[in-house]
Amino acid sequence: MLNHNSDKFTRLTSMAQIGWFEVNLKTQQYTLSEFVTDLLCLEKKTVGFNDLYHLVHEDYREHLKEEFKVLHSQRIFEQIFPIHTKYGMNWVQLKMESDSDIGQANIHWFGYIRCLDDIESTEKGLGNKEELNKLLYRQISISHSLLSFLQTDDISDTIREILKDILIQFNGDRTYIFEIFPEEKIQNCIYEITAENVSEEQESLQNILFDESSWWNEQISGQKAIILNTLDAMPPEARYHREILERQDIKSLMVVPLLSKKRVWGYMGIDIIKQCRNWSNADYQWFTSLANIISICIELHKSEQKAIEEQQTLQHKEEVLNNIFQNLPAGIELYDKDGYLTEINDKELEMFGIGNREDVLGVNLFSNPNIPDNIKDNLRRQEDAFFNTNYNFSAINDYYPSLKKDTINIVTKATALRDSKNNFTNYLLINVDTTEAASARSKIKEFETLFALIGDYAKVGYAVFDALSRDGYALSSWYDNIGEKDGIPLPEVIGVYRNVHPDDRAVLKEFVGNVKQGQATCLRKDIRIKRASGNYSWTSVNVLVRDFRP
């Protein structure tokens, strides 16, 4: 009786021109029924993917390969294409579904191949016109979406229009976009479009827990689409999420993750309430394309907003720095790395009797006759310097025109500025006129206060301390440069250097020891400082012994 039924089944499949097959995505192989093996003139029932691809008409071969690459995110797959058979080139219908539950790896598939007769081929051809029109509409829709994003400053309206279009095309009931906040472990519905007589849920879908261990969130975090023709396709572990969907009367849905360069930042979905829907591969491809466009444009918009905010912050800092630069009661000179003056503030013009800024811009620092040669040598070595000068205006000759002819006493702080990569960029000179002895102490104190302020921007700081007791004082910018909290007693910093790289720390300790023995008087070194982030940055250190009295 069994053999009799088997014979009948064989005759039935032959008459219907249909045969079954199995697919193993891991081994990249097909297992074919006798009918399919005979139809395709194959010598064995188990063949590789490439063996079957070579039989497909070349116009359809690459398309079929691309479709197979995204099988892991689908449950059902269906295609119609021409293939070489023992009867010649025939149109066949291929349909298969995954043996795995949603959320599991789609490795094993089962399906059938059916030969189409001439009447069916003609009907499919007519149907293909309709499919072509639908495809053409969707392609136009994608191009219109891209154009809208390019032409608008408010992407929210464009996103809502796209979600409305999706709702209409799928005859859906609700489309939505969720954003995930992994640090807070929450998710928010940021966009929602609903059909007529469908309740809006966006307000109640805020600060929803995002637990990656739950079935739904695990699919999204794993960059997997959730495609449900019916809720029966959900696995047992998704019972909690199924109950939520059932309470909303959802029959079918499709959800795809939204990706940024680094992570899944959210997901876009559509719900069908009226009736169940069998999602096609074309549905998935179009929906995913629009989701990707929205994701890219949202990420670009965020980047633009961040860039604008950073530009505004930078502009504000520049305005503050420029205000300090122009109104600081100390003269400031900024030279390029070759020593040519590029900027000077108003106080400096007043101090040196310069009528027009243009008269002095471009002069060379190393041609100044009032700067001692040893200081110039230090500056050429890109070393910082702190010095007093009896500035004689009668000695400047043609260096620059000045309205002053007498001599003034100047205290100067010269600093070699460096960029974030420790490359030398500029010389910065800060001058204070200490000519009037009665006001000297007051001005020096003011200078130190203002130097601390400018030091916060120029990243320059200094400390004065006794090498034996390690007592002294330091500017807040010095503490910051050495990686310490402002105000820590110097004995807890000098000789300890907890945030200095071990190799550099040994050099500093050795120097302090040599100073105590009278064997060293200066140190200039670039050292590495460990920051709060755990990374190291370079700081230029200059130490000078002013008085040795052990």
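Which residues line the second largest cavity?

Modeller: This is a predicted model, in which local features need pLDDT of at least 70 and side-chain atom pairs count only at pLDDT 80 or more, while totals for chains, interfaces and linings use all residues. Residues are numbered from 1 along each chain as its sequence is written, and side-chain values use heavy atoms, with hydrogens and water left out.

The second largest cavity is lined by Q74, R75, I76, I227, N229, W279, S280, N281 and Y284. A cavity here is a set of points on a 1 Å grid over the protein atoms alone where a 1.4 Å probe fits but cannot get out, and a lining residue has an atom within 4 Å of a point. The space in this second largest cavity comes to about 70 Å³, a volume being the space filled by probe spheres set on the points. Its lining divides into four nonpolar residues, four polar and one charged (Ala, Val, Leu, Ile, Met, Phe, Trp, Tyr, Cys and Pro are nonpolar, Asp, Glu, Lys and Arg charged, and the others, Gly among them, polar). Because domain 1 (1-118) and domain 2 (155-304) both give residues to this lining, the second largest cavity lies between them; the domain bounds come from an automatic or database assignment.

To set this space in context, a search of the whole structure finds three cavities of 30 Å³ or more. The largest cavity has a volume of about 190 Å³, and of the 21 residues that line it, E333, E348, F352, N368 and Y391 are the closest to its centre. Elements that give two or more residues to the lining of the largest cavity are β13 (331-336), β14 (341-344), β15 (385-392), β16 (407-418) and β17 (424-433), and the largest share, three residues, comes from β15. Helices (H or I, at least four residues) and strands (E, at least two) are DSSP runs numbered from the N terminus. In the lining of the largest cavity, 14 residues are nonpolar, five polar and two charged.

Returning to the numbering range of domain 1 (1-118), we find helix α4, residues 58-69, whose twelve residues reach 18 Å from the first C-alpha to the last, close to the 16 Å expected at 1.5 Å a residue (the expected span is 1.5 Å times one less than the number of residues). In α4, the buried residues are L64, E67 and F68, where buried means under 20% relative accessible area, exposed over 50% and partly exposed in between, with a 1.4 Å probe and protein chains only.

Within the range of domain 2 (155-304), Q219 has its place in helix α7, residues 215-221, and is buried, with a relative accessible area of 2%. The C-alpha atoms of Q219 and P257 are separated by 8.7 Å, although the two are 38 residues apart along the chain. By contrast, N207, in the loop between β8 (186-194) and β9 (208-209), counts as exposed at 56% relative accessibility. N207 also has a positive phi of about 55°, although it is not a glycine, and most residues other than glycine have a negative phi.

How values were computed
1 Å grid on protein atoms, 1.4 Å probe; cavity = no way out; pocket = protein on both sides within 12 Å on 5 of 7 lines; lining within 4 Å.
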